[in-house]
Amino acid sequence: MSQTTTTQTAPPSSSSSPPSAIAILSQPITLPCGLTLPNRLVKCPMQETQAKGPYFNPPIDTFTNLYSLWARSSYGLLITGQVQIDRRFLSIAGDVCCHEGSLEPETLGLWKEWARIAQKDGTPCIVQLAHPGRMSPAGAGIRPKEMRALCPSEVPVQLGDTWLDKLALDKVLGTPKAMTVEDIDEVVGMFVRGAVVARDAGFAGAQLHGAHGFLLSQFLSLHTNRRTDDYGGTPEKRMKLLQRLIYEIRALCPPPYCLSVKLNSADYMDAGRGLEIEEGLEQVRWLRECGMIDFVEISGGNAEQKHSGLHNSFGAKTVASGQKMKESTRIREAFYTDFADRVMQMKSDVPVQLSGGFRTRTGMADAVHSLTCDLIGLGRSAVLEPEIPRAVLLNPEFDDEGALAKSHVVRGQWFSKMIPVKVIGGGLPIQFFYYNMRRLGKGLKSDPDISIPSMIAVSLWESVSSGLLQTLQRLVAAFSGGQRVKIE
Ligand SMILES: Cc1cc2nc3c(=O)[nH]c(=O)nc-3n(C[C@H](O)[C@H](O)[C@H](O)COP(=O)(O)O)c2cc1C
């Protein structure tokens, strides 16, 4: 635990009375770069799916609502949704992208506005930078049809066993191209550019997305990295791309710029496939010892994993009632606590954020107090109850038993199970959260009760009606001498 770097504001604890859960979560923490986070609650990176092609610049029209909401909700840190570094390779339509023109004054102006909105109430915000690698569906970015997605080695995604699954995967993701050293150099340049854009826009720093089966984690995992050159073949060489990025970004973005990495604890695939826990631990050890990283976020899983808890329902059992903090009782509601415990046994001052499964104030406070982690990541609850830190978790009007994220189940999951193609059906529950983030972007509240079929119907209607609107605008423009007329 990075106790040496923390500044305690909580009332001093006496041996007879442990600090309250609110006091524990309200402790500021100063990162190695000098950035002080006002408390321990972090809004996790979640891709917002609101940017529009062909440039996928930050969509200020909707981000004004979305990020103002998070900005005023008393998180200790905001991490943006993943920002892609190459317009050809998006992970989903609507990802924000940092591209060759992002440092031009007009586009940089949009980035500056995003940084301003997100940080206007004093909470720092960092930009998550990502490349989807082989997880880049055809049609999501501007890549030409004949261009394949990239991967350290030619390893296609496997999801589902039927011929229909295989056909759909082949059409949507295809077999990726094993990256050449020139491809790797180009990707490095693009990540570095992303970090510089975040710096020049006024964000507090950047996070490299090395988790969930995207490109950097494809390099880190034995399953997708079967190279025999400098970038693969041994655990050390599998880390080379990530290490290169850290060195090159730090050369241009020294402290007080905050640099973080999000890593998988493991891929949780069958034994012998994927990243194993011991190798994951060694990766975290290097990051915590290299002297260039300000905090490590720990998560887990990837799209090929059989059972992922990440995108479905909120564990109703864990949040059915809050639990009282007892000195002797560990409240283990988060997903990757065993791994985090082992990480925290390392001697290091680099703080650790644990993300996945946190729902109750007492569960979060227990994780910090018992040195399982320093920072608590909040993902789905930051979509369904975006103001949850200020409104509930840090609000003394709620006692510990009542201070928890509302339990809910994504309704209509029978619909996704009916779809015979896993790559489509399996992706529907996460669409529920994208849908709700888009509602927040429009200034509406999240709708936790909408079912998957209704959500699809609403989204279809929205795209049809916006298509109709554009057609109408074109017609009116044609009849009014070619001038475009705005129809609200
Ligand atoms: C809608 C949605 C989008 C996500 N997008 C990202 C992302 O862009 N980058 C990332 O590292 N993790 C992403 N995640 C994972 C979250 O950051 C987080 O690790 C996960 O949701 C577990 O936390 P939770 O149990 O509090 O939801 C996403 C999760 C959801 C639900």
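Me: In this predicted model, is the crossing in which H3 passes H5 left-handed or right-handed?

Reply: H3 passes H5 in a right-handed crossing, and for this pair the axes lie 8 Å apart, with a packing angle of about 65 degrees between H3 and helix H5, which spans residues 181-201.

Me: What makes up the contact between H3 and H5?

Reply: On the side of H3 the contact holds Leu108, Trp111, Lys112, Trp114 and Ala115, and these meet Val197, Asp200 and Ala201 of H5. Sorted by class, the residues of this contact are 6 nonpolar and 2 charged, with no polar residue.

Me: Why is H2 called roughly parallel to H3?

Reply: Helix H2 (residues 60-71) and helix H3 (residues 105-119) have axes that cross at roughly 25 degrees and come within 7 Å. Angles under 35 degrees count as roughly parallel, and a crossing of roughly 25 degrees therefore makes H2 roughly parallel to H3. The crossing of this pair is right-handed.

Me: Which residues of H2 and H3 meet, and how do they divide by class?

Reply: From H2 come Ile60, Phe63, Thr64, Tyr67, Ser68 and Ala71, while H3 supplies Leu110, Glu113, Trp114, Ile117, Ala118 and Gln119. The division is 8 nonpolar, 3 polar and 1 charged.

Me: Which residues bring H9 and H11 into contact?

Reply: Ile277, Gly280, Leu281 and Val284 in H9 meet Phe339, Arg342 and Val343 in H11, and by class this contact has 5 nonpolar residues, 1 polar and 1 charged.

Me: What surrounds the ligand, and which elements give two or more residues to its shell?

Reply: The ligand is surrounded by 26 residues, the closest being Cys44, Gln82, Gly379, Arg380 and Phe433. Strand E14 (375-378), helix H13 (380-384) and helix H17 (428-441) are the elements that give two or more residues, and H17 contributes the largest share, 3 residues. By class the shell holds 10 nonpolar, 14 polar and 2 charged residues. Domain 1 (3-409) and domain 2 (411-488) each give at least three residues to this shell.

Me: Where do the peptide bonds from Gly53 to Pro54 and from Pro255 to Pro256 lie, and how are they described?

Reply: Both bonds are cis, with omega near 0 degrees for Gly53 to Pro54 and near 15 degrees for Pro255 to Pro256. Pro54 sits in the loop between strand E3 (41-43) and H2, whereas Pro256 is in the loop between helix H8 (240-252) and strand E11 (258-264).

Me: What is noted about phi of Phe56?

Reply: Phi of Phe56 is near 55 degrees, which is a positive value in a residue other than glycine; Phe56 is in the loop between E3 and H2.

Terms used:
Residues numbered from 1 in each chain as written. Predicted model: local features only at pLDDT ≥ 70, side-chain atom pairs only at ≥ 80, totals over all residues. Near = placed C-beta within 6 Å. Helix = DSSP H or I, 4+ residues; strand = E, 2+ residues; numbered from the N terminus. Nonpolar A, V, L, I, M, F, W, Y, C, P; charged D, E, K, R; others polar. Domains from an automatic or database assignment. Axes fitted to C-alpha atoms, helices over the stretch in contact; angles between N-to-C directions. Parallel < 35°, antiparallel > 145°, perpendicular 65-115°, else oblique. Left-handed = near helix turned anticlockwise from the far one by under 90°. Contact = placed C-beta atoms within 7 Å.
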